[in-house]
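This report is meant for someone meeting the structure for the first time. Please keep the sequence and the model at hand while reading.

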Amino acid sequence: MRLPRFPLAATLVALAPVVLAAENAPSSKPNILLILTDDQGYADLGCQGSPDLRTPNIDSIAASGVRFSHGYVTAPQCSPSRAGMLTGIAQNRFGYLDNNNNRGLPALEDAPTIAEILRSTGYRTKMIGKWHIGAERNEEGGASTGGALGLANLPEKRGFDEVVMIEEGGSHYFPYSPSGIKYMKDRGREPRLREVSGPDKLGSFIENLPPETYLTDYFSERAAEFVRLNKSKPWFLYLAYNAPHDPVMAPDADIEANSHIKDEKRKKYAGMVTAVDRGVGEVLAALKETDQLENTIVIFLSDNGAPPENGGRNAPLQGWKGDLFEGGVRVPYMVSWPAALPAGKVYDNVVSSLDILPTAAMAAGASLHNKLDGVDLVPFLTGSNSGQPHPIHRVAWRQAYFGIENNLKMIRNNKQPKADRYSDIKKLPADTNFNLEENPGEDPENQVTEGEDLESLVNSTEKWRAVIDAEAQSQSLNPSPAGLR
Ligand code: CA
């Protein structure tokens with residue numbers, strides 16, 4: 001079932017581009033490398049304090065740039081998190097509630113994706129990995145490229161010149177092996193990778209890769225290839241690993257490299273992260289070899305927190321993928337841009353995955369439209385703006401939502417329509433409030449129960465929720481209500 005697109009006229013009127021000059025930017029446009037992992041826990045990097053995972057290459061991004069201690073995604077689940085990140089708009093505002101209940105992306109005129117914006121300023125754009133952006137599944141519950149996703153939501157229709165993709169999560173990691181082909185076909189899924197290239201942008205399936213092809217390694221190889229081939233003009237590469245989402249499987253050598261881990265599931269998960277880290281190292285090496293590292297913005301984050309079943313960890317945060325405790329939505333997140341940002345910095349104010357689009361757009365010299373909920377982070381990271389990027393931070397997922405202001409967090413769950421298989425939030429009372437500084441693990445036994453600050457946050461967040469619900473109902477996007485108090 002396809003739902004109607006947003007009417008164009010209503011929102012074009014409100015589109016008033018604001019053109020600002022990116023500060024401290026080098027004279028040439030930077031490349032943008034956006035690396036996303038899938039279901040990777042907050043604790044699961046060396047630079048995040050992991051006692052057992054070794055990730056020297058990903059850690060090197062933090063060492064050469066800024067690591068965010070309070071970096072949030074916009075949903076504790078794959079598809080809505082990506083929809084928000086790629087548009088810079090809180091996805092509930094355009095009716096993108098969860099993996100299966102959404103209207104797809106808004107039209108280009110309402111909400112250009114990061115790829116569309118960068119391409120319009122002369123960037124070569126490529127997407128490699130898991131896409132997982134689309135509209136509702138078909139009535140049979142199956143998913144097929146161009147069917148369930150909807151043709152309008154394919155990456156080549158939303159700004160990407162070149163694509164190497166799998167459709168969604170839960171993919172077998174050796175898709176060209178006999179067991180991988182069977183695994184995917186048993187689930188009604190396409191085992192082959194889809195590629196789009198050339199001026200006519202015709203998509204086709206990649207045939208006959210060796211059966212031992214491991215998805216993570218293949219994505220890394222194609223990413224490094226793109227970096228080497230595109231030295232002469234600015235580019236945007238969205239490298240969306242599906243690891244370490246389940247099924248938990250890694251090459252034997254990568255599992256063996258983690259033999260210090262005794263728990264078998266954790267060891268396999270660590271093997272998946274080892275492969276991602278190796279791949280990130282290969283892409284960074286390609287940047288160095290071609291003298292592009294200095295003026296490339298490298299962003300790394302996970303699309304949501306770890307679920308309990310893949311062996312990941314979100315400690316010391318409470319909760320998992322699928323709820324609105326910190327463990328569901330606060331993720332490993334960092335950015336480096338040697339030409340313009342400080343190195344080795346930890347930034348503690350709240351930042352959002354919604355900030356990636358405006359940050360990249362400003363660095364590229366593009367204009368920002370007034371529907372964006374994200375902000376350009378560069379002035380905050382250089383120190384020229386000592387304020388907070390998001391003095392009040394809010395996230396809505398399904399019918400639940402939370403607000404954070406000065407470490408005070410309120411979660412509201414009173415309209416949650418259905419229990420999620422991961423959800424711990426359903427165990428909570430409807431009104432749950434924490435001081436994250438004093439209670440970072442969100443122990444329900446130690447809640448904030450009263451105070452003017454709490455009252456103010458609750459009132460303004462409930463007002464925000466009503467505004468975005470009305471906006472989604474109306475199916476037209478308005479200027480961002482992010483500053484609503
Ligand atoms: Ca995910």
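## Terms and basis of the model

Two strands are said to pair if DSSP finds at least two bridges between them. Helices (H or I, at least four residues) and strands (E, at least two) are DSSP runs, numbered from the N terminus. This is a predicted model, in which local features need pLDDT of at least 70 and side-chain atom pairs count only at pLDDT 80 or more, while totals for chains, interfaces and linings use all residues. Residues are numbered from 1 along each chain as its sequence is written, and side-chain values use heavy atoms, with hydrogens and water left out.

## Overall make-up

The protein has 12 helices and 16 strands. Of its 485 residues, 61% are buried, where buried means under 20% relative accessible area, exposed over 50%, and partly exposed in between (1.4 Å probe, protein chains only). Among contacts (heavy atoms within 4.5 Å) between residues at least 6 apart in sequence, 73% join residues at least 24 apart.

A search of the whole structure finds 0 disulfides, a disulfide being a pair of cysteine sulfur atoms within 2.5 Å. Cys47 is buried, with a relative accessible area of 18%, and Cys78 is buried as well, at 2%.

## The open sheet

An open sheet is formed by 10 strands in the order S7-S6-S5-S4-S8-S1-S9-S10-S2-S11, and its pairing is mixed. Strand S7 (202-205) and strand S11 (345-347) are the edge strands, each pairing on one side only. On average, neighbouring strands of this sheet are turned by 15° against each other, direction ignored; here axes are lines fitted to C-alpha atoms, for helices over the stretch in contact, and angles run from 0 to 180 degrees between N-to-C directions.

Strand S1 (residues 31-37) pairs with S8 in the parallel sense over 5 bridges, and strand S4 (residues 124-130) runs parallel to S8, joined by 6 bridges. Leu239 of S8 is the bridge partner of Ile35, and Leu239 is likewise the bridge partner of Ile128.

## Helices H2 and H8

Helix H2 (residues 56-63) and helix H8 pack at an angle of about 55°, with their axes 7 Å apart. That makes H2 oblique to H8, since angles under 35 degrees count as roughly parallel, over 145 as roughly antiparallel, 65 to 115 as roughly perpendicular and the rest as oblique. Residues making this contact include Pro56, Ile58 and Ile61 of H2, and Val276, Val280 and Leu284 of H8.

Tyr269 is found in helix H8 and is buried, with a relative accessible area of 0%. Leaving aside neighbours within four places in sequence, Tyr269 is in contact with residues including Asp39, Leu53, Pro244 and Asn310. Tyr269 and Asn310 are 41 residues apart in sequence and 6.6 Å apart in space, C-alpha to C-alpha.

## Nonpolar cores

A nonpolar core is a set of buried Ala, Val, Leu, Ile, Met, Phe, Trp, Tyr and Cys residues joined through side-chain atoms within 4.5 Å. The largest core has 70 residues, of which Phe68, Phe236, Tyr238, Ile299, Leu301 and Tyr333 touch the most other members. Helix H10 (residues 356-363) gives the most to this core, with 6 residues. A second, separate core of 49 residues includes Leu45, Val164, Leu215 and Ala224.

Not counting residues up to four places away in sequence, Phe68 touches Tyr333, Met334, Val335, Tyr347, Val351, Leu377 and Leu381. In soluble globular proteins, nonpolar side chains tend to be buried together.
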